Amino acid sequence: MNAFEYAAPRTLDEALAVLREHGDEARVIAGGTALVTMMRQRLLNPGHLVSLREISGLDRIDAANGDLRIGALVTHRNVETSPLVQEWIPVLAETFRRVASVRVRHMATVGGALAHADPNQDPPVTLIALGACVEIRGAGGGRALPVAEFFRDYYESALQPGEVVTSVVVPRLPAASGAAYVKFLPRTADDYATVAVAATVSLEPDGERCRSARIALGSVGVTPIRARAAERLLAGQLFGAELLRAAGEAVEAAVDPLSDHRGSAAYKREMAAVMVGRALTQAWDAARVSARGTR
Amino acid sequence: MNCKIRLTVNGTARAVEIPTYRTLLDCLRYDLGLTGSKEGCGVGVCGACTVLLDGKMISSCIALAVSANGHEVTTVEGLAGDERLHPVQQAFIDAGGFQCGICTPGQVVSAKALLDAIPNPTDAEIREWMLGNLCRCTGYYKIIESIRAAAERSRA
Amino acid sequence: MAHRIIGKPIGRVDGIEKVSGAACYSGDVSVPGLIWGKALRSPLPHARIARIDVTRARALPGVLAVLTAKDLPRILVGRRMFDMPLLARDRVRFIGEKVAVVAAADPDVAEEATTLIDVEYEDLPAVIDPEAAIAAGSPVVHDNPGAYDGAPAERPHPNVQSVLRFKLGDVEAGFREAARTFEHTFRTQLAHQGYLEPHAGVVTIDEDGRVQVWASNKMPFRLKELLSHALQLPQEKIRVNLTPIGGDFGGKGSLMDLPLAYHLVRVTGRPVKMVMRYAEELMAGNPRHPSVITLRTGVSRDGTIVARSVRALFNSGAYAAFKPAPSVSLGGASMGAGVYRIPNLLIEAFCVYTNNIPCGHARSPGEPQMVFAEESHMDMIAGELSLDPAEFRRRNLLRDGDHLANGHHLEHVRASDTLEAALKASDYSQPKPGPWIGRGMAMTHRHIGVGFTNAVVRLETDGRVTLRIALPDTGTGAHLVLRQVVAEVLGVAVDDVAIDLATTDDFATDSGVGGSRVTHTGGRAAYHAAEKLKAQIQAEAAKLGVPAEALAEIARAAAREGRTLEVSHFYDAKAHGAVTSFTAQVAEVAVDPQTGQVTVRRFTTTHDVGTVINPIGHQGQIEGGLIQGLGFALMEEIKTEEGRISTLSLGDVKLPTIQDIPPLTTVILEDPVGPGPFNAKAIGEGSISAVAPAIANAVADACGARIRDLPISAEKVYFALKQKEGRR
């Protein structure tokens with residue numbers, strides 16, 4: 001790596017001030033797994049690194065008006081093992097659990113993963129399906145953005161220069177709902193997904209018919225995507241093989257995967273349909289259980 | 001740009017002056033003379049560089065040394081404490097859990113962290129915890145046996 | 001025969017250094033004043049070097065030296081065929097070839113300096129595909145390869161490095177006799193040995209002007225010879241100090257960066273360490289050759305094989321330098337004959353120059369490639385003949401007195417026993433537990449390696465024994481095996497036998513580690529030395545009038561007379577003996593028809609072995625080789641496009657993880673007929689080669705999809721299934 005200045009400010013305002021001062025030459029570092037790897041490979045060469053580690057308050061998981069607020073510095077492992085997350089939004093804990101290995105999850109943070117904007121990551125897919133929002137702070141103030149709108153392009157997020165992810169707010173599932181995350185791993189167990197799907201299904205009061213669904217996919221393009229056309233097909237319908245097939249077809253039309261070591265675009269497209277079927281089946285089952293429980 | 005850091009390594013307070021770009025692994029190996037942790041893949045995947053930072057496994061090859069300032073690091077050299085060998089280390093010898101040994105420091109550090117967190121792990125828990133420690137020599141069967149044996153021994 | 005120590009599952013006490021982090025590998029070696037070397041590598045597969053400007057690199061603060069080819073003698077290096085320059089001189093021939101080297105006290109500074117070296121290249125037409133490389137009019141990688149030292153004479157095309165042939169009988173006549181003939185073509189991928197320790201070395205020149213070397217190299221004496229040639233120094237000026245090696249698997253027998261490290265030492269006056277980053281290993285290590293293999297087999301009406309011809313193309317890359325065999329080819333090509341009696345046989349293996357990464361030896365060189373092709377071919381023929389694959393094999397298995405493709409005559413052949421044991425242990429003939437589940441088998445055999453080793457055994461005055469050898473520790477557990485041999489002969493405890501690891505100063509020679517030879521050659525050297533020492537001890541005991549077990553007393557008595565009880569033995573196993581070791585494996589797989597994903601539900605491996613000296617180590621070799629075979633079969637690949645390797649991180653290579661291993665059943669058939677000590681054979685390379693075809697055959701059994709190129713990815717199975725459906 002090349003030489004760089006390293007700052008570990010105690011407050012967010014200080015961190016933002018350093019970022020503003022050095023502009024393009026500065027990068028934020030949290031867990032560092034992605035950033036340091038890229039710097040060692042000489043893909044990135046920032047003159048200034050601003051570590052968020054010493055800033056207190058960014059590593060909390062809190063209940064917030066019935067939602068969960070997860071601070072940017074919370075590690076993947078902390079989300080995975082948090083009793084609050086496991087009880088309130090188990091699919092989120094399960095998703096974080098699928099990332100790489102325990103060791104990587106000790107280092108990688110929620111905020112860092114979002115800012116990295118790698119379309120092959122697991123957490124963004126589930127966060128989109130859950131309707132989560134990213135909270136951002138910059139010199140000019142704070143703003144919030146749905147995770148579904150946070151990813152702009154390949155490794156490119158909506159963060160403006162000088163902005164930092166501070167937390168993500170994740171709503172709980174409504175009553176009579178279920179969720180599932182399916183990660184297709186045909187190579188080794190520690191891989192990124194060849195295709196990933198997160199689905200939430202909410203049922204009508206009859207406990208059978210779908211009221212609404214959300215479907216998000218990862219590793220199917222330059223950003224994770226929400227499959228709205230497929231979602232619309234499900235509203236008002238009963239579960240069935242024909243419905244899943246139609247949803248799969250709609251998803252195939254919606255994705256634009258990249259060919260890479262994990263699979264060709266053609267294969268990923270077809271697997272997207274298969275995995276959507278599996279995710280919807282699991283989510284629907286979970287929704288039925290939830291609906292029976294609340295009756 | 002150089003900076004001074006203070007960290008506790010294997011129970012001993014250490015102070016070093018290092019360039020900011022020094023990884024924690026290189027700092028341990030070259031500035032502190034602890035060559036037990038190894039660089040394998042250099043991208044945080046293989047686990048040969050695994051150390052414990054405040055008791056948690058991390059990949060020291062992609063951690064900046066400066067980020068360990070004020071923290072506690074445990075390397076393979078510090079596993080045994082006052083004993084000659086930690087039970088996990090002895091189990092790896094008895095059950096053939098190592099061959100060339102290059103991944104072994106990372107394996108035993110991770111296995112010790114596992115048994116600290118889960119004293120009686122199932123095979124599934126062993127495989128989940130140890131997923132990030134690659135081995136090319138053993139095929140993993142005897143690594144699993146070693147960890148099982150260490151767990152049993154600790155219970156006895 | 002019951003032994004005291006041979007056959008006992010003794011743990012590797014030498015492991016204390018490994019589990020505690022005290023073991024000092026080459027990358028751990030530190031000497032005062034050490035600086036770091038880093039290489040600049042070519043970004044193009046084939047180009048003329050028009051200009052190199054190192055001004056900016058030299059000016060970077062902290063840089064102590066920058067060298068290009070014009071600073072070095074015009075030397076070509078290699079292991080057998082000397083075709084590779086130390087640094088590219090006026091031409092680069094593969095992406096990753098070294099063009100310049102930098103030394104600095106800080107390795108990050110050295111690396112940064114390499115980015116400041118300006119090189120002007122003029123593109124040359126590159127040839128990437130081995131078939132294209134041997135077509136008329138293809139770009140030529142080396143203008144005159146026949147002129148290189150060690151170049152084989154036969155060269156049907158300038159891009160052919162070597163042609164290796166095996167012939168039995170008259171293959172044309174055999175095909176004329178055949179009732180039916182079958183031909184199939186298979187492909188295997190570029191794959192790395194996957195050792196977790198990248199190449200590392202430290203070179204220094206001591207006060208006596210001798211070159212001291214620590215290197216991750218498993219043949220220190222051959223290394224010394226090659227360095228002597230590369231550095232143009234007499235061998236006495238060089239000492240190779242042995243260090244433990246973090247995995248070899250065939251890949252750590254070459255000079256790699258050591259000559260450059262030496263020149264940096266010469267120019268800077270400082271000791272130099274060079275360690276390859278893993279991206280450099282993947283770009284310029286010496287991986288396993290990719291292959292294209294076509295087999296044609298003629299069978300008679302009763303299902304016996306009457307003729308076989310095999311054509312193998314090994315994509316050897318830009319240099320032949322990494323191949324050590326005298327043929328400059330891969331001995332595994334002989335496995336085109338499989339484990340079968342084939343009266344009329346012709347195998348032709350071509351190692352071909354292309355503008356790709358130069359390849360070398362990997363565990364069982366050439367065999368995983370050839371056995372995948374050959375054992376898949378056998379199953380495909382069985383299918384065409386409507387014969388059970390086991391039955392087709394039974395009709396053709398080698399028997400006592402048969403000859404191998406290389407002419408070796410075989411005795412104590414247990415091919416049939418090995419096959420039947422595998423079938424039984426795997427429940428091969430039982431009904432499958434469900435749909436989309438299949439079973440497949442494959443067989444191979446591996447000779448016991450030959451070579452030469454020196455050993456010295458000494459009785460110490462405390463009654464313990466020292467075994468002095470210069471065989472590096474590559475992790476196989478060989479050192480413990482040797483200690484067990486000595487302990488058994490001398491009647492002492494294993495703990496009372498210590499290994500004293502020598503340097504290249506201490507012996508004349510040793511063929512080093514590899515080729516499944518160490519238990520045999522090292523073991524026999526240790527055995528005979530121990531036997532001779534035992535005789536000496538008995539003579540001394542008689543003279544003193546004490547029991548022969550009073551070792552300390554006997555040693556002290558001799559010491560009082562100024563004598564040390566020490567014996568040496570040089571063992572040279574010149575020729576392969578008449579025994580080999582058979583392996584039979586059965587894979588049971590489940591195929592997910594919706595995705596093509598293959599899961600290995602269970603795996604059975606059966607081995608016909610000699611006396612097992614250490615069951616833990618022996619089983620460890622089986623398991624390790626098998627999982628490497630699994631990776632080769634299902635997951636691993638170094639991908640290239642137009643000569644550019646896109647798999648530049650170990651994370652992308654897809655080595656199997658702890659969650660990818662199948663439940664495993666091992667069956668050992670022990671037969672004390674080996675040439676090693678106590679009739680041991682060899683095991684290091686027995687379990688890797690049959691895994692891929694066993695899985696491929698199981699996949700075909702499970703779903704009808706026949707995958708002929710490795711790795712067997714879910715995608716390939718999926719589209720093969722789709723294609724089959726389309727045909728219906």
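Two residues are in contact here if their C-beta atoms, placed from the backbone, lie within 7 Å. The structure is a predicted model, in which local features need pLDDT of at least 70, side-chain atom pairs count only at pLDDT 80 or more, and totals for chains, interfaces and linings use all residues. Residues are numbered from 1 along each chain as its sequence is written, and chains are lettered from A and ligands numbered from 1 in the order in which they are written.

**Domains**

- Chain A comprises domain 1 (5–51), domain 2 (61–170) and domain 3 (177–294), with bounds from an automatic or database domain assignment.
- Between domain 1 and domain 2 of chain A, the C-alpha centres are 19 Å apart.

**Contact between domains 1 and 2 of chain A**

- Twelve residues of domain 1 of chain A contact 17 residues of domain 2 of chain A.
- On the side of domain 1 that touches domain 2, α1 (12–22) and α2 (33–40) of chain A each supply at least two residues; helices are DSSP runs of H or I with at least four residues, and strands are runs of E with at least two, numbered from the N terminus.
- α1(A) gives the most to that side, with five residues.

**Sheet**

- Five strands of chain A form an open antiparallel sheet, ordered β4-β5-β10-β6-β7; two strands pair if DSSP finds at least two bridges between them.
- The edges are β4 (61–64) and β7 (141–146) of chain A, each pairing on one side only.
- Strand β6 (residues 133–138) of chain A is joined to β7(A) by six bridges and runs antiparallel to that strand.
- G138(A) has G141(A) of β7(A) as its bridge partner.
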